[in-house]
Amino acid sequence: MSVLLLTQAALMPFMAAADTPSSPPEPPRIVTLYQGATDSAVALGLTPIGVVDSWLEKPMYRYLRDALDSVEHVGLETQPNLEKIAWLNPDLVIASDFRHARIAPLLEAIAPTVSAPTVFNFKTTLNMVANATGREAQANELLEQWDDRVADFRQQIAAKLSSEWPQKVAVVRFKSDHVRIYTSGFTGSILDELGFNQPDTLQSQSWGMKLSSTENIPVLDADALFILLEPDDPAIADNYQHWASHPLWQQLSAVQSGRVFEVEPVSWMMGGGILAANAMLDDLYSHYGLLQPEAAPHQACLPHASGRGEPASC
């Protein structure tokens, strides 16, 4: 069970300000300690005073750079700099039990802290940040837009693929010396919500599976494969080429049907928030040749696989 480290009394100063009609309330000074929290803050129109470094495209993902220009960095998600956080004197810290349970008392000593159970559930994170900062209306609007897009995607893809729907899909991340298949977490939960199924070979797994030999290629058999490659890493590209040139790879259903898609690791895995989720859904509309609804404001300037991590045109 999530440990909520923020008391209602601690929130009262800036929550009360939000109810004052005479002047616009000052936004709370927040520090976000995981990727999804940073994404969610930006989606809600907040600019944190401190953020942790991104996993890729360091120090910050390209799709968030404009919004977070000149914002202080407070170390790694797995090892935030407590001294720097204290120096920033925040009103609120956004953390996660998954990453920060051990330092939770120290964070609470610095500032009121809210903590999500995991870093993977973008809806939980969005609602938590919104509830702690008085932006529930904005969060509800973002989630309603998401629900509308999900319903539209499910209707369109079912009509297009007909008897081939639902598809069994695998999310495959290539590293320099092995391959990982992901079945849960941020990516898996979104694919599940959209109506995709997992391959039979993976349904008994927890987070997924690690493969070290090309002899295991048949485990990847699915109707579609989504391939995550880290840009500018020759060793990963070489390993992908090694696997993709193997005779067993050519026998995979997704390969034979032409449904092997390279996708952007930031939006598909690393971003962890509602902006990244929408960028992932953008990719799926594109890969399956579906017509997107009119773009909502929160969908602009997000990363896409076709640009290999470059921001989309705005």
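This is a predicted model: local features need pLDDT of at least 70, side-chain atom pairs count only at pLDDT 80 or more; totals for chains, interfaces and linings use all residues.
I looked up Thr214 to begin with: threonine 214 is buried, at a relative accessible area of 13% (buried is under 20%, with a 1.4 Å probe and protein chains only). Threonine 214 sits in the loop between strand E10 (208-211) and strand E11 (224-228); helices (H or I, at least four residues) and strands (E, at least two) are DSSP runs numbered from the N terminus. Leaving out residues up to four places away in sequence, threonine 214 touches His242, Trp243, His246 and Leu248, contact being heavy atoms within 4.5 Å.

Residues are numbered from 1 along each chain as its sequence is written, and side-chain values use heavy atoms, without hydrogens and water.

Next, the largest pocket. I found a volume of about 500 Å³, meaning the space filled by probe spheres set on grid points joined across faces, edges and corners. A pocket is an open set of points on a 1 Å grid over the protein atoms alone, where a 1.4 Å probe fits, with protein on both sides within 12 Å along at least five of seven lines; lining residues have an atom within 4 Å of a point. I got 21 lining residues, with Arg99, Val119, Phe120, Tyr182 and Met269 nearest the centre.

Which element gives the largest share of the lining? I found H9, with three residues.

Last, I checked H9 itself. Its buried residues are Phe186, Thr187, Gly188, Ile190, Leu191 and Leu194. Just after H9, glycine 195 has a positive phi of about 105°.

Note on methods
Buried means under 20% relative accessible area, exposed over 50%, partly exposed in between (1.4 Å probe, protein chains only).
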